[in-house]
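Dear colleague,

Please find below the structure I said I would pass on, with the sequence alongside. My notes on what was found in it follow directly after.

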Amino acid sequence: MEQYRDAIKAYNSAWEITQSRELVVKRFNALREVDAKEDAYELIQPWLNEHPDDGYVHTILAAAYEADGQDQKAILHYEKVLEKEPDNITVLNNLAWVYNKQNDDRAIDLAERAYRQNPESPAILDTYGWVLLQQGETEKALGILQQAAKALPDVAEVQYHKAVAVYRSGDKAAALSELKALLDSGVAFEGREDARAIVESN
């Protein structure tokens, strides 16, 4: 923690001399590391007021809002980037994910666009497969999520997504075994309570 406080002092001193995108992002991230999130958000806003088309900073801010559970604010910033950069693969993937959490039907289009750009990316496979599953395309989703799970064997959330696809495909015994193993591992992941609910209902 102290190293980040020292970094903030150094970044603030540097800011007095010159302002740059890289420096505002470093200050923003350092403040978040010391749990001064509101200060971080207040710090970054003047930069965006002066540089409203800075897609990189909008993306950083959107990801932070997403991490903090403020999905609507994340959506606003991701959408702002996509207006100027319609093929930004990171934003396509991340916005598809947030849209999906909000049950927004636009998720599938963005997930497909990201997938077409890079069908080998495990993160994109996971997003696309999970969105497909929510859209009811279980068979297609299963194949894609199996690819993602194979590429990311140590990422519990991806393994959970694949297990849910297996469950919905009808192989409940295999899915329950995977879900129980994930729960027994003690690893935290988004969907853990849903995984527990599936196991307990069987």
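The structure holds nine salt bridges, a salt bridge being a side-chain nitrogen of Lys or Arg within 4 Å of a carboxyl oxygen of Asp or Glu. Please keep in mind that this is a predicted model, in which local features need pLDDT of at least 70 and side-chain atom pairs count only at pLDDT 80 or more, whereas totals for chains, interfaces and linings use all residues. Residues are numbered from 1 along each chain as its sequence is written, and side-chain values use heavy atoms, with hydrogens and water left out.

One of the salt bridges joins Lys101 to Asp71, with the closest N and O atoms 3.3 Å apart. Lys101 belongs to helix H6 and Asp71 to helix H5 (residues 71-84), so this pair ties together parts that are 30 residues apart in sequence; helices here are DSSP runs of H or I with at least four residues, numbered from the N terminus. Lys101 is partly exposed, at a relative accessible area of 34%, while Asp71 is buried, at 9%, where buried means under 20% relative accessible area, exposed over 50%, and partly exposed in between, for a 1.4 Å probe and protein chains only.

A second example is the salt bridge between Glu178 and Lys162, whose closest N and O atoms are 3.1 Å apart. This pair links distant parts of the chain, with Glu178 in helix H11 (residues 172-185) and Lys162 in helix H10, 16 residues apart. Glu178 counts as partly exposed at 25% relative accessibility, and Lys162 as buried at 15%. Arg32, Lys37 and Asp68, in turn, are linked in a network of salt bridges.

Helix H7 (residues 107-117) contains both Asp109 and Arg113, which are four residues apart, about one turn of the helix, and whose side chains meet in a salt bridge at 3.4 Å, N to O. Asp109 is partly exposed, with a relative accessible area of 38%, and Arg113 is also partly exposed, with 23%. The buried residues of H7 are Ala107, Ile108, Leu110, Ala111 and Ala114. Viewed down the axis of H7, these buried residues fall within an arc of 165°, so they line one face of the helix; the arc is taken over the directions from the helix axis to the C-beta atoms. Among what covers them are H5, H6 and helix H8 (122-134).

The largest nonpolar core has 68 residues, and those with the most contacts inside it are Val24 and Tyr160; such a core is a set of buried Ala, Val, Leu, Ile, Met, Phe, Trp, Tyr and Cys residues joined through side-chain atoms within 4.5 Å. Helix H10 (residues 156-169) gives the most to this core, with eight residues. Leaving aside residues up to four places away in sequence, Tyr160 touches Trp130, Leu179, Leu182, Phe189, Glu190, Gly191, Asp194 and Ala195, contact meaning heavy atoms within 4.5 Å.

Finally, Trp97 lies in helix H6 (residues 89-101) and is buried, with a relative accessible area of 12%. Again not counting residues up to four places away in sequence, Trp97 touches Glu66, Asp126, Thr127, Trp130, Glu157 and His161. Trp97 and Asp154, by contrast, are 57 residues apart in sequence and 20 Å apart in space, C-alpha to C-alpha.

With best wishes

Key:
Helix = DSSP H or I, 4+ residues; strand = E, 2+ residues; numbered from the N terminus.
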